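Please consult the sequence and the structure shown here while reading.

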Amino acid sequence: MNLNFVWLALGEALSPTTAAYALATIGLVVHFGFTGLLNFGQAGFMAVGGYAFAITTLKLDWPAPFAFLATIAAATLFALILGIPTLRLRADYLAIVTIAAAEIIRLSVKTAELTEITGGATGLNGAGRVFNELNPIPEGRYGFGVLTYTADQLWLRVFGWALVLLACLIVYLLIRSPWGRVIKGIREDEDAVRSLGKNVFAYKMQALIFGGILGGLAGALFILPRSLQPDNYGTQLTFFLYTIMLLGGATTVFGPVIGSMIFWVVLSLSDGLLSLGINSGILPLTTTQQGPIRFIIVGVALALLVVFRPQGLLGNKKEVFFNA
Amino acid sequence: MPKTPVADLIAGPVAPGVKKRNPIIVVDGVSRRFGGLTAVDVEHVEIPANAITALIGPNGAGKTTFFNLLTGFDQPNSGSWTFQGRDIGGVPAYRVARRGMVRTFQLTKALGLMTVMDNMLLGATKQPGENMLRALFRPTWRGREDEIREKAVDLLTRFKLDAKADDYAASLSGGQRKLLEMARALMSSPDLVMLDEPMAGVNPALTQSLLGHILDLKEQGMTVLFVEHDMHVVREIADWVIVMAEGRVVAEGAPDTVMSDPAVVDAYLGAHHDTDLGTLSGQLEVAKDMESDLVRHDLEEEAVADGR
């Protein structure tokens with residue numbers, strides 16, 4: 001029996017995709033967990049970031065550092081466009097606008113008229129090459145067994161996780177500061193915070209932009225090991241991020257990291273186990289059913305998690321216990 | 001704290017809209033309509049400084065709407081008002097609060113999933129760490145944080161909430177949340193404290209302590225404007241009473257005398273509370289007041305038919 005899939009599944013814990021999901025979820029935690037903004041369009045922020053990075057590197061030949069700045073600028077602009085009309089309204093309006101905006105982005109970039117810029121339905125390929133020009137790691141093979149990486153693969157992992165840890169550090173510092181106190185107050189009751197002399201709109205906007213930038217950078221990170229495909233940014237991506245957030249704990253700084261690792265390891269492990277069961281005839285399934293079954297498992301796990309451990313793995317039980 | 005004599009408050013004969021010797025708020029022609037309903041229509045009213053003023057009136061009189069307008073939580077259809085001589089009509093709620101006019105809410109807004117201490121610290125002003133970029137650099141705000149924490153501990157001790165400082169506000173009782181909300185409002189050292197039904201849902205023992213705290217505010221030089229339904233409370237602590245009905249200020253006066261003002265009795269009990277509606281003469285009297293020809297006509301016909 002070939003058990004390589006177990007190692008590969010564990011290797012998922014440190015893959016750049018896991019890092020990208022963790023980073024996007026940290027942004028979502030800033031929005032939803034700490035500020036109480038119902039952002040159902042984090043996939044849209046990732047798409048905006050991914051396209052900003054791919055277009056500036058591939059079409060405009062910008063070097064990677066400038067492309068990352070463009071990613072930040074594009075996510076900021078997207079947050080402003082979403083936030084200015086909706087942040088003065090009740091929370092549910094932001095939810096509707098963000099989910100719609102994310103779909104607008106995904107469908108617009110796919111139109112044939114924009115193929116020159118966005119690559120249309122086939123997307124863009126090769127942004128990772130520009131990024132690898134920055135690689136300081138000498139050529140060679142690193143790791144052991146099936147978990148052996150090229151210098152480029154290792155560089156991407158180091159860079160991705162460094163970005164995630166930096167984001168964690170910034171969020172940690174912000175949440176424990178008076179700024180964090182104000183946004184948590186807004187999550188609880190924005191009128192009360194307004195009555196204490198705080199400009200609630202400005203704080204909500206800052207939180208939306210900051211979490212959106214993390215989502216945009218995650219979008220750039222996500223396309224570095226693969227090509228950019230518009231259909232990767234559908235609503236299911238946002239709901240995977242919500243799953244990861246609830247798994248790790250919606251009001252924690254490191255929850256998204258743990259959540260993302262578990263999410264990808266379990267997804268990969270269940271894939272391996274299912275194919276093992278199917279090939280040896282234990283499970284009465286076909287290989288085409290294998291993929292969807294994994295996501296059924298994810299759905300059931302999410303439902304059980306919310307019922308039995310609503311605070312997530314790292315959360316504080318008291319914080320979800322009260323119905324204030 | 002003795003009550004401020006009425007003569008020290010007003011500069012004219014007692015009447016709705018009377019001028020005050022030292023007004024902190026002056027309101028002119030403020031109206032707020034919701035569709036066809038005029039919720040507030042105040043021609044002129046002044047709130048005396050360094051005194052406790054009660055705003056009373058039956059349900060639906062527009063007291064809370066008036067509060068919301070003054071504090072910037074709602075915008076009027078017309079009118080203007082000044083706070084400490086500065087025009088603050090149309091100023092957003094958070095700026096009104098920064099100018100020293102802090103309010104509480106009828107339905108208490110304790111921030112449940114934050115600790116009592118965090119609730120208090122949020123009430124403080126001039127904390128540079130509330131700026132997003134400076135928040136990342138702890139040394140730039142730690143000094144101010146220590147100052148406001150000290151102030152919060154003082155206030156919590158005064159309001160007997162110090163033992164609860166590290167508990168979530170959601171774990172407090174209803175009365176304790178009222179205390180917390182008032183203490184939190186005081187963190188900014190306001191000049192005017194506006195309390196919307198501070199005694200609602202509070203048990204009698206706690207009412208006494210809340211009354212004491214309100215009197216303390218006046219002693220410390222603050223002005224208090226509060227909405228209240230309990231007349232015992234109003235008589236006990238208010239220096240001045242403003243009565244609203246159907247959106248208008250119908251009477252003003254000292255707490256001992258204002259309740260016998262006919263306009264106030266009318267507002268609470270109806271203008272015809274002494275009229276016997278069981279008799280035809282009573283009904284006619286009401287009809288005459290309503291200036292309703294139709295009703296009078298009906299009643300007169302009825303009287304003719306009865307042979308009277």
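## A residue of helix α12 in chain A

Is T235(A) buried, partly exposed or exposed? With a relative accessible area of 29%, T235(A) is partly exposed; buried means under 20% relative accessible area, exposed over 50%, and partly exposed in between, computed with a 1.4 Å probe on protein chains only. The model is predicted: local features need pLDDT of at least 70, side-chain atom pairs count only at pLDDT 80 or more, and totals for chains, interfaces and linings use all residues. Residues are numbered from 1 along each chain as its sequence is written, chains are lettered from A and ligands numbered from 1 in the order in which they are written, and side-chain values use heavy atoms, with hydrogens and water left out.

T235(A) is found in helix α12 of chain A. Helices (H or I, at least four residues) and strands (E, at least two) are DSSP runs, numbered from the N terminus. Not counting residues up to four places away in sequence, T235(A) touches I99(A) and E103(A); contact means heavy atoms within 4.5 Å. E103(A) is 132 residues from T235(A) along the chain, yet their C-alpha atoms are separated by 7.4 Å.

## Helix packing in chain A

Two packed helices are described by the angle between their axes and the distance between the axes. Axes are lines fitted to C-alpha atoms, for helices over the stretch in contact, and angles run from 0 to 180 degrees between N-to-C directions. The axes of α3(A) and helix α12 (residues 235-248) of chain A come within 7 Å and cross at roughly 115 degrees. Therefore α3(A) is roughly perpendicular to α12(A); angles under 35 degrees count as roughly parallel, over 145 as roughly antiparallel, 65 to 115 as roughly perpendicular and the rest as oblique. On the α3(A) side, the contact is made by Q42(A), A43(A) and M46(A), and on the α12(A) side by L237(A), T238(A) and L241(A). The crossing of α3(A) and α12(A) is right-handed; a crossing is left-handed if the near helix is turned anticlockwise from the far one by less than a right angle, and right-handed if clockwise.

Helix α3 (residues 42-58) of chain A has 17 residues, which should span 24 Å at 1.5 Å a residue; its end C-alpha atoms are 24 Å apart, in agreement. The expected span is 1.5 Å times one less than the number of residues. Of the 17 residues of α3(A), 16 are buried, and the helix is mostly covered.

Helix α12 also packs against helix α13 (residues 255-279) of chain A: their axes come within 7 Å and cross at roughly 115 degrees. This crossing of α12(A) and α13(A) is right-handed. Among the residues that meet are F240(A) and T243(A) of α12(A) and G255(A) and P256(A) of α13(A).

## A buried arginine between chains

R181(A) lies in helix α9 (residues 178-188) of chain A. At 6% relative accessibility, R181(A) counts as buried. Leaving aside neighbours within four places in sequence, its contacts include I175(A) as well as M114(B), D118(B) and E145(B).

## Chain B as a whole

Chain B contains 13 helices and 10 strands. Its C-alpha atoms fill a box of roughly 90 × 40 × 40 Å, taken along the principal axes. Of its 308 residues, 50% count as buried.

## The sheets of chain B

Strands β7 (residues 192-196) and β8 (residues 223-227) of chain B run parallel and are joined by 5 bridges, and L195(B) has F226(B) in β8(B) as its bridge partner. Strand β9 (residues 240-245) of chain B runs antiparallel to β10(B), also with 5 bridges.

Strand β4 (residues 78-83) of chain B and β5(B) pair over 2 bridges, and F83(B) stands opposite R86(B) in β5(B).

Notes. Pairing = 2+ DSSP bridges.
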